[in-house]
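Please keep the sequence and the coordinates in view while reading.

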Amino acid sequence: MTEALSARGIEQVAGVLLDLGVSSPQLDEAGRGFSFMRDGPLDMRMDTTSGETAAAWLARAEESEIREVIRDYGEERFAKQIAAAIVDARGREPLLTTPQLAEVVARAVRTREPGQHPATRTFQALRIHLNQELEELEVTLPQAAALLEPGGRLAVISFHSLEDRVVKTFIREQSTADKLPRGLPVRAADIPPAPMRAIGKAIKPSDAEVARNPRSRSAVLRVAEKNSPSPVGEGRGEGPR
Ligand SMILES: C[S@@+](CC[C@H](N)C(=O)[O-])C[C@H]1O[C@@H](n2cnc3c(N)ncnc32)[C@H](O)[C@@H]1O
């Protein structure tokens, strides 16, 4: 982000909006392989010019790796059974399409979450892993904060708890002034303010929005504002009043 903006001669911005995750066109285009609802190749790359497809990764990954990715990024309690089923299935024939994977997963998932396809969590997990979504988010947030001018705002829309946890933690850390060791002869006025402040609480879609756009149901919007740096020592009568 910093590079892309500085290539355009932009050093500071008044606001950054991040709309995370996969887009509707990506979900709806069978050829992108993001959705178990459409028959397509097992790809799942957001950037199809680089990276490994889901089919290629599932063909070479260790059972333990597959289990960990599905457990950690899908929060799937049947990760162990699903990983074993994937390894068993690929031993018979390569998993190349979204329906193939969805079927293998559906057989391995013993219980059903109401209104949710049994492969939902596995597909989400593979997508997050293959696109390094959480890692990308962790390197993007500090850049966004650094690019903001004082008073500028960061707004992030996330779509699942793992993303939202990263955003929430970042905003909390940025909204906490440095804690100095006790007994240090520093006056409160001399402690630099926290870089940012959270604006309100997490914003969730209204029932009307979810009715209009069911894909918004898990969206969470969090906003933080860049604080103006206060010149250290102003309280001491030094420097401009
Ligand atoms: C939720 S969609 C944005 C949808 C768009 N705001 C809209 O309303 O139509 C997120 C987009 O970010 C892209 N994306 C994912 N990771 C990215 C990254 N690291 N850098 C830039 N774009 C990324 C995805 O390919 C996807 O198209």
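Contact, as the term is used here, means heavy atoms within 4.5 Å. The model is predicted, and local features need pLDDT of at least 70, side-chain atom pairs count only at pLDDT 80 or more, and totals for chains, interfaces and linings use all residues. Residues are numbered from 1 along each chain as its sequence is written, and side-chain values use heavy atoms, with hydrogens and water left out.

The chain is divided into domain 1 (2-20 + 133-181 + 188-226) and domain 2 (33-130); these bounds come from an automatic or database domain assignment. A distance of 30 Å separates the C-alpha centres of domain 1 and domain 2. Where the two domains touch, eight residues of domain 1 are in contact with seven residues of domain 2.

The size of an interface is often given as the accessible area lost when the parts come together. Here, buried area is the accessible area (1.4 Å probe) that two parts lose on being put together, summed over both. Between domain 1 and domain 2 it is about 650 Å², and carbon and sulfur atoms give 44% of this area. Of the area that domain 1 buries against domain 2, 69% is supplied by Glu133, His160 and Leu162, more than by any other three residues.

A salt bridge is a side-chain nitrogen of Lys or Arg within 4 Å of a carboxyl oxygen of Asp or Glu, and two salt bridges are counted between domain 1 and domain 2. The side chains of Glu75 and Arg165 form a salt bridge, with an N to O distance of 3.3 Å. On the side of domain 1 that touches domain 2, α8 (133-147) and α9 (161-174) each supply at least two residues; helices (H or I, at least four residues) and strands (E, at least two) are DSSP runs, numbered from the N terminus. The most is given by α9, with four residues.

The strands complete the picture. Two strands pair if DSSP finds at least two bridges between them. Strand β1 (residues 13-19) runs parallel to strand β2 (residues 148-158), and six bridges join them; within this pairing, Val13 has Leu148 as its bridge partner in β2. Strand β4 (residues 220-226) runs antiparallel to β2, to which six bridges join it, and Val220 in β4 stands opposite Ser158.
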